Amino acid sequence: MGSRQAAENTTPAPAGELTRELQLLKARSGLTYAGISERTHYAKSSWERWVNGKQFPPRDAVESIAGVCAGDTGRLLDLWNRAEACRTAHGEPAGGAAGGAAEGRAAAGPAAVGAGGSVRAARTDGRLGYLLRTPVPLGLTVAAGVALAVTGRRVFRRGA
């Protein structure tokens, strides 16, 4: 193995560096996940996932924790930018969890085990996800309306 390959294998990835910095920042602050959550608009479960590297944090969350825990915002955002560049270069979704928005807006999908044994949500093609989500509720609503119209039942009665 050449020295260049050895250096590439021992140099931590930007996402790993970011995770370590978030862990150090939390430890130095003495705050719990609940304490960080109370001072930001993110849930404590989200902080646990982001700080422990289970999920890539949104940029806003990194800014928030830097402010709450008196960290170097510039350094953390630089790490976040480098990690995000690596993620997008490797085909992962841009912007952290849910494109940088608050958690819970990411496309749901089955979990997949990635490199290093990390678990992440499998991506679903946006058009397919839309087709699977929208027509079913719409179809059920139309079918119920047609069934009520055919049977002559009135759902809402006036003066009752």
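Let's start with contacts, meaning heavy atoms within 4.5 Å. Among contacts in the protein chain with a separation of 6 or more, 49% are between residues 24 or more positions apart. Please keep in mind that this is a predicted model, where local features need pLDDT of at least 70, side-chain atom pairs count only at pLDDT 80 or more, and totals for chains, interfaces and linings use all residues. Residues are numbered from 1 along each chain as its sequence is written, and side-chain values use heavy atoms, with hydrogens and water left out.

Now the layout. The protein chain has eight helices and two strands; these are DSSP runs, H or I of at least four residues for helices and E of at least two for strands, numbered from the N terminus. Along the sequence the pattern reads α-α-α-α-α-α-β-β-α-α.

What about the inside? Of the 160 residues, 24% are buried, that is, under 20% relative accessible area with a 1.4 Å probe, protein chains only.

Finally, look at H4 (residues 44-51) and H5 (residues 59-68), whose axes, lines fitted to C-alpha atoms over the stretch in contact, come within 12 Å and cross at roughly 95°. The two helices are therefore roughly perpendicular, a label for angles of 65 to 115 degrees. Trp-47, Trp-50 and Val-51 of H4 meet Ala-61, Ser-64 and Ile-65 of H5.

Definitions and conventions: Axes fitted to C-alpha atoms, helices over the stretch in contact; angles between N-to-C directions. Parallel < 35°, antiparallel > 145°, perpendicular 65-115°, else oblique. Buried < 20%, exposed > 50% of the residue type's maximum accessible area, 1.4 Å probe, protein only.
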